[in-house]
Amino acid sequence: MPPINNRWQPSALTPMTTMSSVESEYPAETSTNYCCLNTLNFNQLTLQFASSASYIASVALFGDILLAGSSSELILSFDRSALLAEEAEVARLLNASFSSSGKAGAVKSLAALPDRGILFSAHQDRKIRVWRDRPGDEGLSRIATMPTLADRTLGFLSPRRDRVRRHVTSTWVCHADAISALALSGDGMFLYSVSWDRSMKIWRTSDFKCLESMANAHNDAINAVVASYGGEVYTGSSDGMIKQWRKNKDDNKHAVAVTLESHRSAGVNALAMSRDESILYSGGSDGVISSWRIDYGETELNSTLTGHGSSVLCLGTTSSNLLASGSADKTIRVWRSGVSHCTNGRFAKVMHTCVRVLEGHGGPIKCLVAATVVDEGGADDATHVVVYSGGLDSELKVWRVSVPTTS
């Protein structure tokens, strides 16, 4: 597959609205460069495995490889160095379609533990598959399905059942609708899953046992979840709310500590946290990104980032101060943050500016992941980021963005 747009381009930001605080803090960048290193058509790559066309539903980094999950039950594995070298060959291909049943459905989310060689994939069929990268094996091999057989057996025997809808109940270890998102705790000991059935479940990654189930965690479908190293868990829902969950000291169970409202007339589609865990970002179906300042466990609305013309569907942060957002308007925006003066004696105001708009997808951007890279031949005063994005146009794109470092 030949790469497209292999030329560094000067910045040409599209106009943004209602961002006076951002634009007054930082002028629009004129020296931010980018290029699209590679474009891969998912349907061409999966033609021998899938009987129908599919789109890219999820992406994740797994050490030196990039994983992309599709709406047709497949997970493709690419060598990241090959993608960056503009040699987009499929290094490894993982068929996760479960041909024996054919009912796993879309790969809605991926969560990886590279140090342990373990990958979790959430599916439309309400189950989580566990994969292990074994030395010498071809690709990944499936080692478990969650909930496990032991959990399901105990769930049926237990008198406890979670109410899903008015007259519908489910065993507490099983999601009753598609699993929309996964997140791992900072230490990798716990996996959090959220679903369109409005519930959140907590799993132990050592034996894949379900430890907790919060039924009716929101008033509508839950679309996103993110966890901090400090133990806080944030969930975002179509009900327009973000909830922070913490463990109670008394019973060691999770409960709602804070409820945040910003996207009042719109659902929350995506959540992301800065690498230093000082900012939580939420993307809504109103096209707005809200940034929340976190300080010693307290959370306060910091600012709103506008510019997308439609729903924000995915967010990704890097180890630097950069945020990438993908939207139904077919564009990706790259934002840079910087600390301004302290406004209320407690929270330092964090300002953001859009430094680049990436255009090229032919459909809504469904998923993305961003990573900082080292450019030995590049300038020392620039941050180099690679963004991997997948869309409803069935294309996987690899972008390289160079953002000048501010003083």
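## A salt bridge to start with

A salt bridge here is a side-chain nitrogen of Lys or Arg within 4 Å of a carboxyl oxygen of Asp or Glu. Side chains of opposite charge can pair in this way when their charged atoms come close. Both Asp125 and Arg129 are buried, where buried means under 20% relative accessible area, exposed means over 50%, and partly exposed lies in between (1.4 Å probe, protein chains only).

Before going on, please note that this is a predicted model, in which local features need pLDDT of at least 70 and side-chain atom pairs count only at pLDDT 80 or more, while totals for chains, interfaces and linings use all residues. Residues are numbered from 1 along each chain as its sequence is written, and side-chain values use heavy atoms, with hydrogens and water left out.

## The other salt bridges

How many salt bridges does the rule give? The count comes to three. One of them links Asp207 to Arg204, whose closest N and O atoms are 2.7 Å apart. Asp207 counts as partly exposed because its relative accessibility is 36%, and Arg204 is partly exposed too, at 29%.

Glu395 and Lys397 also form a salt bridge, at 3.5 Å from N to O. Is Lys397 buried or exposed? Lys397 is buried, with a relative accessible area of 1%.

Now to the strands. Helices (H or I, at least four residues) and strands (E, at least two) are DSSP runs, numbered from the N terminus. Two strands pair if DSSP finds at least two bridges between them. Strands of a sheet pair through backbone hydrogen bonds, either parallel or antiparallel.

Four strands form an open sheet in the order 6-7-8-9, with antiparallel pairing. At its edges are strand 6 (107-113) and strand 9 (141-146), each pairing on one side only. Neighbouring strands of this sheet are turned by 25 degrees against each other on average, direction ignored; the axes are lines fitted to C-alpha atoms, for helices over the stretch in contact, and angles run from 0 to 180 degrees between N-to-C directions. Inside the sheet, strand 7 (residues 118-123) and strand 8 (residues 128-132) run antiparallel and are joined by five bridges. Ala122, for example, has Ile128 in strand 8 as its bridge partner.

## A hairpin and a second sheet

Strand 2 (residues 56-62) is largely enclosed by the rest of the structure, because six of its seven residues are buried. Six bridges join strand 2 to strand 3 (residues 65-70), and the two run antiparallel. Across this pairing, Ile56 stands opposite Ser70 in strand 3. Strands 2 and 3 form a hairpin with two residues between them, and Gly63 in the turn has a positive phi of about 65 degrees.

Another open sheet has four strands in the order 1-30-29-28, again with antiparallel pairing. Its edge strands are strand 1 (33-41) and strand 28, each pairing on one side only. The twist averages 20 degrees from one strand to the next. Strand 28 is joined to strand 29 (residues 382-391) by eight bridges, the two running antiparallel, and Ala371 has Val386 as its bridge partner in strand 29.

## Two pockets

Rolling a probe the size of a water molecule over the atoms shows where empty space is left. On a 1 Å grid over the protein atoms alone, a pocket is an open set of points with protein on both sides within 12 Å along at least five of seven lines, a 1.4 Å probe is used, and lining residues have an atom within 4 Å of a point. Grid points are joined across faces, edges and corners, and a volume is the space filled by probe spheres set on the points.

The largest pocket has a volume of about 1600 Å³. It is lined by 45 residues, with Leu110, Leu182, Val226, Leu315 and Val369 nearest its centre. Which strand gives the largest share of this lining? Strand 28 does, with six residues. The lining divides into 30 nonpolar, eleven polar and four charged residues (Ala, Val, Leu, Ile, Met, Phe, Trp, Tyr, Cys and Pro count as nonpolar, Asp, Glu, Lys and Arg as charged, and the others, Gly among them, as polar). The second largest pocket holds about 220 Å³ of space, and strand 26 (331-342) gives the most to its lining, with four residues.
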